[in-house]
Amino acid sequence: MSNPLQVYIDGEFFPENEAKISVFDHGLLYGDGVFEGIRFYNDRVFRLEEHIDRLFDSAKAIHLTIPATPEEVIEMVVSTIRKNELHDGYVRLLVTRGKGELGLSPYRCEKASLVVIASTISLYPAEKYETGLILATCATRRPTHDSLSPSVKSLNYLSNVMAKVEALASGAEEGVMLNTEGYVAECTGDNIFVIKDGVIYTPTVASGSLNGITRKAVIELALEAGFELREIQMSRYDMYTADELFLTGTAAEVVPVAEYDKRVIGTGKTGPVTKQLLEAFRNLVQTTGTPIY
Ligand code: PXG
């Protein structure tokens with residue numbers, strides 16, 4: 001049997017079956033906290049500083065003080081991977097509001113808790129990167145800026161979870177979430193890209209999509225490769241009539257889509273632009289990032 005994972009909690013490492021958070025933590029009681037999902041490949045952490053920046057921005061937006069500096073959080077992530085002697089994998093970094101009395105007020109919690117789990121992940125089977133995913137539109141909409149900003153990567157993922165349930169119930173593998181105006185925001189855990197007549201399109205962040213770190217990396221790769229790229233208000237029509245469609249995310253990386261709401265996308269096979277960007281992305285993650293060892 002392999003060694004148990006060592007989980008970092010507030011300055012100490014615990015074997016996975018002893019890695020516990022209080023039932024009085026407001027992260028559990030109210031979903032009050034923020035998180036990041038981060039990948040490391042070939043002994044380097046991909047875009048670590050961007051993830052830490054987004055974590056601090058999410059925390060600031062929910063009025064949560066992270067009890068460490070960004071540099072210290074970076075060191076926590078790298079040392080947790082090192083402690084587990086991992087080379088390729090996934091980090092889940094969470095900041096919860098911390099242990100407190102019952103009651104919504106965050107001021108009942110003395111200090112936020114920091115947790116780092118370093119493990120392995122595989123979201124979709126390898127053949128999906130050849131054949132493409134099946135998508136369906138979900139009934140559950142993305143939260144709006146006037147409630148919880150969709151830019152906050154909070155511990156409250158219930159609307160995404162409900163959307164995922166709806167997608168799976170309709171026989172799809174991933175769900176498309178619209179904003180309250182009915183424009184495409186993103187999938188339950190991935191950003192969306194469309195290719196039409198050689199131009200690449202993605203919904204604006206203002207449409208209600210997370211400012212994805214994979215999204216940003218893919219935009220950079222597309223521009224470097226000389227593609228025209230437009231951030232737009234995207235409709236389902238734009239997706240139905242796309243030549244190619246793909247999703248981006250830390251877990252999914254760059255994954256093609258073959259079918260959406262029963263419409264075959266393009267030829268139904270992974271298209272050339274998707275293939276090119278998928279390869280460029282795989283090369284990027286293998287050759288850049290914060291060194292672990
Ligand atoms: N939209 C949403 C709602 C997300 O949660 C993305 C887009 C893609 O963003 P990044 O920065 O990863 O390119 C996400 C990311 C998980 C998991 O465990 C979820 C995400 C990332 C990593 C793991 O389900 N979501």
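**View 1. Residue classes around the largest cavity of the predicted model.** The lining of the largest cavity in this predicted model divides into five nonpolar, six polar and three charged residues. The volume of this cavity is about 60 Å³. Its lining comprises 14 residues, and L245, V257, K269, T270 and G271 lie nearest the centre. Two or more lining residues come from each of strand 13 and strand 14 (253-260). Strand 14 supplies the largest share, three residues.

**View 2. The second largest cavity.** The structure holds two cavities of 30 Å³ or more. By class, four of the lining residues are nonpolar, four are polar and one is charged. Domain 1 (6-119) and domain 2 (128-287) each contribute at least three residues to the lining of the second largest cavity.

**View 3. The two domains and their contact.** The domain assignment divides the protein chain into domain 1 (6-119) and domain 2 (128-287). Their C-alpha centres are 26 Å apart. In the contact between them, 25 residues of domain 1 meet 22 residues of domain 2.

**View 4. The largest pocket.** The largest pocket has a volume of about 700 Å³. It is lined by 37 residues, of which F35, K153, Y157, T188 and G189 are the closest to its centre. Elements giving two or more residues to this lining are strand 3, strand 5, helix 5 (158-169), strand 9 (184-187), helix 6 (213-224) and strand 13 (244-249). Helix 5 gives the most, with three residues. The lining contains 15 nonpolar, 14 polar and eight charged residues. At least three residues of the lining of the largest pocket come from each of domain 1 and domain 2.

View 5. Strand 1 (residues 6-9) runs antiparallel to strand 2 and is joined to strand 2 by four bridges. Y8 stands opposite F13 of strand 2.

Key: Residues numbered from 1 in each chain as written. Predicted model: local features only at pLDDT ≥ 70, side-chain atom pairs only at ≥ 80, totals over all residues. Heavy atoms only, no water. Pairing = 2+ DSSP bridges. 1 Å grid on protein atoms, 1.4 Å probe; cavity = no way out; pocket = protein on both sides within 12 Å on 5 of 7 lines; lining within 4 Å. Points joined across faces, edges and corners; volume = space filled by probe spheres on them. Nonpolar A, V, L, I, M, F, W, Y, C, P; charged D, E, K, R; others polar. Domains from an automatic or database assignment. Contact = heavy atoms within 4.5 Å.
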